[in-house]
Amino acid sequence: MSVEEIAPSAPSRALLPGAQFADAYRIQMAGPAGDAKAAAMRIMFNAPSWFGASLRLRNLLVTPLGLKTSAVPGAKGVIGLFP
């Protein structure tokens, strides 16, 4: 996988008035091209093991405070942290 910093090609003011994009990157990945869902699954399911452990710890700590918890990666209907 190679990562390259690029200038954003989309007119940011037209997409999000007032937004400032400080950086943009392009990533070349080996393997077959896919859609956004396939890319998200590939990224999230190959996350470091400490990521899932830290998310479980965070959920454990914030539950008594009434804060919303996140789905643990790999849960049904969830790709990473996203439904």
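Visitor: Among the elements of the protein chain, which has the lowest mean pLDDT and which the highest?
Guide: This is a predicted model, and its protein chain averages a pLDDT of 76. At least 70 is the score of 76% of the residues. Among the elements, the lowest mean, 69, belongs to helix 1 (residues 12-15), and the highest, 86, to helix 3 (residues 49-62).

Visitor: In what order do the elements of the protein chain run from the N terminus on?
Guide: The secondary structure comprises 3 helices and 2 strands. Strand 1 covers 2-5, and strand 2 covers residues 25-28. A loop containing Asp23 lies between helix 1 and strand 2. Read from the N terminus, the order is β-α-β-α-α.

Visitor: Where is Ile6, and which residues does Ile6 touch, not counting residues up to four places away in sequence?
Guide: Ile6 sits in the loop between strand 1 and helix 1. Leaving out residues up to four places away in sequence, Ile6 touches Ala24, Tyr25 and Arg26.

Visitor: Is Ile6 buried, partly exposed or exposed?
Guide: Buried requires a relative accessible area under 20%, and exposed requires over 50%. Ile6 has 28% relative accessibility. The value falls between those cut-offs, so Ile6 counts as partly exposed.

Visitor: How far apart are the C-alpha atoms of Asp23 and Ile6?
Guide: Asp23 belongs to the loop between helix 1 and strand 2, and Asp23 is partly exposed at 44% relative accessibility. Along the chain, Asp23 and Ile6 are 17 residues apart. Their C-alpha atoms are separated by 7.5 Å.

Visitor: How far apart in space are Ile27 and Val3, C-alpha to C-alpha?
Guide: Ile27 is found in strand 2. In sequence, Ile27 and Val3 are 24 residues apart. From C-alpha to C-alpha, the distance in space is 4.6 Å.

Visitor: Why can Ile27 be part of a nonpolar patch on the surface?
Guide: A patch residue needs over 30% relative accessible area. Ile27 is partly exposed, with a relative accessible area of 46%, so Ile27 passes that cut-off. The patch, with about 480 Å² of accessible area together, is formed by Val3, Tyr25, Ile27, Met29 and Ile43.

Visitor: Which residues form the aromatic pair, and is the pair stacked or edge-to-face?
Guide: The structure holds 1 aromatic pair. Its members are Trp50 and Phe51, at 6.4 Å centre to centre and 80° between the planes. Planes over 60 degrees apart count as edge-to-face, so the pair formed by Trp50 and Phe51 is edge-to-face.

Visitor: Of Trp50 and Phe51, which is exposed?
Guide: Exposed means over 50% relative accessible area. Phe51, at 24% relative accessibility, counts as partly exposed. With a relative accessible area of 57%, the exposed residue is Trp50.

Visitor: What share of the accessible surface of the protein chain belongs to carbon and sulfur atoms?
Guide: Of the 83 residues in the protein chain, 11% are buried. The accessible surface comes to about 6800 Å². The share that belongs to carbon and sulfur atoms is 63%.

Visitor: What percentage of the contacts with a separation of 6 or more comes from residues 24 or more positions apart?
Guide: A contact here means heavy atoms within 4.5 Å. Among the contacts in the protein chain with a separation of 6 or more, residues 24 or more positions apart account for 30%.

Terms used. Residues are numbered from 1 along each chain as its sequence is written. This is a predicted model: local features need pLDDT of at least 70, side-chain atom pairs count only at pLDDT 80 or more; totals for chains, interfaces and linings use all residues. Side-chain values use heavy atoms; hydrogens and water are left out. Rings of Phe, Tyr and Trp (its six-membered ring) pair if their centres lie within 6.5 Å; planes under 30 degrees apart count as stacked, over 60 as edge-to-face and the rest as tilted. Buried means under 20% relative accessible area, exposed over 50%, partly exposed in between (1.4 Å probe, protein chains only). Helices (H or I, at least four residues) and strands (E, at least two) are DSSP runs, numbered from the N terminus. Accessible areas come from the Shrake-Rupley method with a 1.4 Å probe; for residues, only the protein chains shown count as cover. pLDDT is the predictor's confidence in each residue, from 0 to 100. Patches are made of residues with over 30% relative accessible area and no salt bridge: like charges are joined within 9 Å, nonpolar side chains (Val, Leu, Ile, Met, Phe, Trp, Tyr) within 5 Å. A salt bridge is a side-chain nitrogen of Lys or Arg within 4 Å of a carboxyl oxygen of Asp or Glu.
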